[in-house]
Amino acid sequence: MVKYIICMLVILSNNIGRSQVNDSIVKPTATDLLLSQPNFSIYRDNYFVTGTTLKESPSTQNSDVKYQISIKHLLSRKPVFDNAYAFITYTQKSFWKVYKESSPFEDINFNPGIGLMRPYTSKKGRIGYYSVMLEHESNGRDSITSRSWNFVSLNWRTELNDRVFLKTKVLIPFAVADENSDLLDYVGFADVGMTYVLKKEKLYTDVLLKKGANWDWKGAVQVQLVYSPFKSANQYFMLQWYHGYGEGLLDYDKKTSFVRFGIIIKPNFMNFF
């Protein structure tokens with residue numbers, strides 16, 4: 001009888017151990033996900049899309065290619081403090097008039113940054129992160145076409161459930177160039193976004209809202225519909241609509257409405273889809 005009880009306890013202990021291992025594999029923490037990446041990895045969405053303005057016939061003048069390259073580098077795999085990790089980041093967004101005869105780049109926006117990211121896992125197992133970044137953004141030009149500003153960004157991103165995810169970004173500007181001194185009137189002090197998963201790892205929609213600093217209708221909305229026919233979890237086709245101000249730095253004070261289609265590659269960390 002004693003031998004039987006001992007055998008049962010050993011079997012039960014082994015099953016519990018396997019269950020704990022399986023749970024850790026199935027439900028990794030946000031820190032586990034962050035540190036499972038290489039030090040050098042994707043930061044924001046990387047995409048290549050092309051399209052034209054709405055309410056006009058497509059032409060070489062109102063059609064373009066828009067693409068974004070975004071990367072980050074983890075400076076150390078040890079937290080600076082309180083599970084916060086140091087990163088440097090770089091994002092470049094370009095507007096390419098590829099259909100014109102000489103195929104010029106109309107605007108290129110450069111956005112380097114450095115800061116801390118703190119991943120977290122809630123009591124319900126939901127993952128997210130906070131980050132504080134010191135950022136610069138400019139278009140690399142001089143004279144009257146120069147655009148540049150500096151800001152501290154406070155970011156939060158979380159999953160509410162298996163289908164709904166929220167993200168917010170608060171901007172604290174400083175050293176805004178005279179050539180774009182009214183930039184905040186058009187892009188505002190915060191972004192708010194929501195993602196809704198229609199079919200896991202296959203189809204989702206993403207909405208991003210910006211509101212200008214004044215009591216008027218200046219601001220912007222960006223809607224993306226993303227579908228993946230691929231086996232890889234981070235490669236998709238994307239239909240993107242941008243309506244409003246501030247899509248690019250050069251003409252931030254001009255209202256645009258573009259529909260574009262192309263390919264998007266999403267980051268693995270915080271890529272819930």
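**Overview. Salt bridges in the predicted model.** The structure holds twelve salt bridges, each defined as a side-chain nitrogen of Lys or Arg within 4 Å of a carboxyl oxygen of Asp or Glu. This is a predicted model, in which local features need pLDDT of at least 70 and side-chain atom pairs count only at pLDDT 80 or more, while totals for chains, interfaces and linings use all residues. Residues are numbered from 1 along each chain as its sequence is written, and side-chain values use heavy atoms, with hydrogens and water left out.

**Close-up 1. The salt bridge between Lys266 and Asp45.** The closest N and O atoms are 2.8 Å apart. The pair links distant parts of the chain, 221 residues apart: Lys266 is in the segment after strand S13 (256–265), and Asp45 is in the loop between strand S1 (40–42) and strand S2 (46–53). Strands are DSSP runs of E, at least two residues, and are numbered from the N terminus. Lys266 is buried at 5% relative accessibility, and Asp45 is buried at 18% (buried: under 20% relative accessible area; exposed: over 50%; partly exposed: in between; 1.4 Å probe, protein chains only).

**Close-up 2. The salt bridge between Glu135 and Lys169.** The closest N and O atoms of this pair lie 3.7 Å apart. Glu135 belongs to strand S6 (residues 127–138) and Lys169 to strand S8 (residues 164–174), so the bridge ties together parts that are 34 residues apart in sequence. Glu135 is buried, with a relative accessible area of 3%; Lys169 is buried, at 15%.

**Close-up 3. The salt bridge between Lys211 and Asp216.** The N to O distance is 4.0 Å. Lys211 is partly exposed, at 40% relative accessible area, and Asp216 is partly exposed, at 24%.

**Close-up 4. A network of salt bridges.** The network links Asp64, Lys66, Glu247 and Arg260.

Terms used
Helix = DSSP H or I, 4+ residues; strand = E, 2+ residues; numbered from the N terminus.
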